[in-house]
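User: I'd like to go through this protein with you and ask how the labels come about. Can we start once it's on screen?

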Amino acid sequence: MHVSIVHPRELAESDIERWRTLQDADPAFDSPFLSPEFTIIVGELQEQVRVAVLQDGRETVGFLPFERHAMGIGKPVAAGLTDAQGLVHVKDLELDPRELIRSCGLGVFEFDHLVAGQPLLSGRHTRHPSPIIDLRDGYDSYVETVKRDSGKTYRSTAYKARKLQRDHGAIQHDYATTDRAALRTLLGWKTDQYRRTGRTDRFARPWIVKLVERLLATDTERFGGVFDVLRVDGQPVAGHFGLRTATTLAGWFPAYDIAYAKYSPGLIHHLAMAEKAAAAGIEVIDLGRGEKEYKEKLKNGEYEVMEGRIARPSAGAGIHWALSVPVRKARGTVLANPVLRTTADRALKTFGRLRTSLSS
């Protein structure tokens, strides 16, 4: 097997079409994060993005998008942002993962949302559920599932939606809007959320803001950014920016105005988004890996993603292992223990409150 390493801008149109063909052939690859368009747009903003093009004879059999960092450390494209990662390939592809990363000039390739069924899997890795809203039987069928499995949540959300209208005005939901002012409002809410909860503010990095703006401006039959917003009396109260293929919407950046928190605007918005998405041809909303209460209330199915690393003997891999193992073990211990997980979350929120008060 021959492996060529190129920057996304160097992909020929025939390469891009082949990538799309391979993506269409396997439902496991139906994520916008695995679309060539996503890698190409990130590559316009991040020079370290590369694509490994795998060829068996004259046939192109796979594409692995990745980032090459110092000391031969490899990561998925837009690492830390993506909820689906991996190699887009022909069925039953056989390869040596360590030999592949050697061809990529890497000593180690780490991942945390690798899609199921990857020939990249070898060595130690962990499996994690990734909740979804399955709309393949239609929105009405989905709602009936929510009523059955989370009836109290559905009734409470419907009541709060009615109360929100009584207290503040008519509710309007705009799906697939390009309202940049409303998008800036959403990103502001998200920044506030990161700070309140003690997390790193992703939008403090200008390239991520530019990425969202470029993705919002992208709208093709197969791929695009999707921004939708819930308004009350004309004012935004909740919203979401995500990415889509023709049939899958990837949940990415949801947020709401905390002034309306008592009405659960996030849940009201997600149900409205699911209805509009289904009408637009979306069959699955991938909520992404992570134990969030709203995901548990809204999901009616789940995928599986993997976290781990592929490594071959190298100085960079050795250093990476020495630095990352203690962190991974500590993180795994916390995530596996509900009490520790709750304690860590409270600690982060306390830090967030202190940080917010000090900066105000």
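Analyst: The chain has 11 helices and 13 strands; helices (H or I, at least four residues) and strands (E, at least two) are DSSP runs, numbered from the N terminus. This is a predicted model, where local features need pLDDT of at least 70, side-chain atom pairs count only at pLDDT 80 or more, and totals for chains, interfaces and linings use all residues. Residues are numbered from 1 along each chain as its sequence is written, and side-chain values use heavy atoms, with hydrogens and water left out.

User: Why is Phe63 called buried?

Analyst: Buried means under 20% relative accessible area, exposed over 50%, partly exposed in between (1.4 Å probe, protein chains only). Phe63 has 0% relative accessibility, so it counts as buried. You'll find Phe63 in strand E3, residues 59–69.

User: Which residues is Phe63 in contact with, leaving aside its neighbours within four places in sequence?

Analyst: Contact means heavy atoms within 4.5 Å. For Phe63 the partners include Asp15, Trp19, Ala52 and Leu87. Take Ala52: Phe63 and Ala52 are 11 residues apart in sequence, yet their C-alpha atoms are 5.6 Å apart in space.

User: What share of the contacts in the chain with a separation of 6 or more comes from residues 24 or more positions apart?

Analyst: That share is 73%.

User: And how much of the chain is buried?

Analyst: Buried residues make up 49% of the 360 residues in the chain.
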